[in-house]
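Please prepare a short briefing on the structure shown below, written for a reader who is new to protein structure.

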Amino acid sequence: VASGPTVGDPTTFAQALDVLDRYRALEASERVTERLRAGARGEHAETVKPNDDIWHAVNNTEIGCNDDALAGAEELAVGAGIDVVDIRQGVEGDARTVGVRMARKLIGLRDRGAASAGPVLVLWGGETTVHVRGSGYGGRNQEGALAAAIELDGVDNVCVAFFGTDGIDGTRPQGQEPVAGAMVSGATCTRARSLGIDAVHALTDNDSAGFFSRVGGGLKTGPTGTNVNDVMLGLVY
């Protein structure tokens, strides 16, 4: 299904305009809103709807989903002797907020001695959102990982990895290889400071890709040929 090219779209131009109006964003892009207005007036065709005849010859079969990715990660972790203590599906919301939540969850587990008998893993899946306010590069997984790194600054025996299952996270400068996400620990911000890089400034500027390209920690898998949302891992050891 991915972005839905074989699935009917039940929404309309008028509904899109209503959303913009509700959030008082009609003035945000006149070019876009005029297109929506013209569509609502009937000057442009609506997208193909779920009950349109074209779908009678289309069959969609689910062959993979985020649950499968989480199940695979859990199987590998258990096989490596790691206790999976928290599996969460459908994680959404601001990427930075989710990164901080993950970090605090791990700090709490560490402080309670959860890893006294061996490493423990927190395993979340879903798709977060980046609120772009700066001028940098990056994606939701790098941004979430960077927020976690700031929260984990100086904390021992904890690491976090956020990555997209398609192997490509957000935007990047021209010529830079794509990354799937990033892995961080309590030493990430220390390493950044030694290089003269301010992690908080990078996060404020939405420049997680720039941060990890200089500090290290980017996860490079190459395009995987599939996309079942994201996986967020937290390890206490």
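Asn 157 sits in the loop between helix 5 (140–151) and strand 3 (158–164), and in this predicted model the phi of Asn 157 is near 65°, a positive value in a residue other than glycine. Most residues other than glycine have a negative phi. The points below take up this residue again and then turn to other parts of the model.

**Positive phi in loops**

**The aromatic pair**

- The structure holds 1 aromatic pair, in which the rings of Phe 211 and Phe 212 have their centres 5.1 Å apart and their planes at 90°, so the arrangement is edge-to-face.
- An angle over 60 degrees between the planes is what counts as edge-to-face.
- Phe 211 has 0% relative accessibility and therefore counts as buried, and Phe 212, at 4% relative accessibility, counts as buried too.

**Nonpolar cores**

- The largest nonpolar core has 34 residues, and among these Met 102, Leu 106, Val 160 and Phe 211 touch the most other members.
- Helix 4 (residues 95–111) supplies the largest share of this core, with 6 residues.
- A second, separate core has 10 residues, including Ala 73, Ala 77, Leu 121 and Cys 159.
- When residues up to four places away in sequence are not counted, Phe 211 touches Leu 146, Thr 188, Ala 192, Ile 197, Ala 199, Ala 202 and Gly 216.

**The cavity**

- The count comes to 1 cavity of 30 Å³ or more, and the largest cavity has a volume of about 40 Å³.
- The largest cavity is lined by Gln 142, Asp 169, Gly 170, Thr 171, Arg 172, Gln 176, Glu 177, Pro 178, Val 179 and Ala 209.
- Sorted by class, this lining of the largest cavity has 3 nonpolar, 4 polar and 3 charged residues.

Key: Residues are numbered from 1 along each chain as its sequence is written. This is a predicted model: local features need pLDDT of at least 70, side-chain atom pairs count only at pLDDT 80 or more; totals for chains, interfaces and linings use all residues. Side-chain values use heavy atoms; hydrogens and water are left out. Rings of Phe, Tyr and Trp (its six-membered ring) pair if their centres lie within 6.5 Å; planes under 30 degrees apart count as stacked, over 60 as edge-to-face and the rest as tilted. Buried means under 20% relative accessible area, exposed over 50%, partly exposed in between (1.4 Å probe, protein chains only). On a 1 Å grid over the protein atoms alone, a cavity is a set of points where a 1.4 Å probe fits but cannot get out, and a pocket is an open set with protein on both sides within 12 Å along at least five of seven lines; lining residues have an atom within 4 Å of a point. Grid points are joined across faces, edges and corners, and a volume is the space filled by probe spheres set on the points. Ala, Val, Leu, Ile, Met, Phe, Trp, Tyr, Cys and Pro count as nonpolar, Asp, Glu, Lys and Arg as charged, and the others, Gly among them, as polar. A nonpolar core is a set of buried Ala, Val, Leu, Ile, Met, Phe, Trp, Tyr and Cys residues joined through side-chain atoms within 4.5 Å. Helices (H or I, at least four residues) and strands (E, at least two) are DSSP runs, numbered from the N terminus. Contact means heavy atoms within 4.5 Å.
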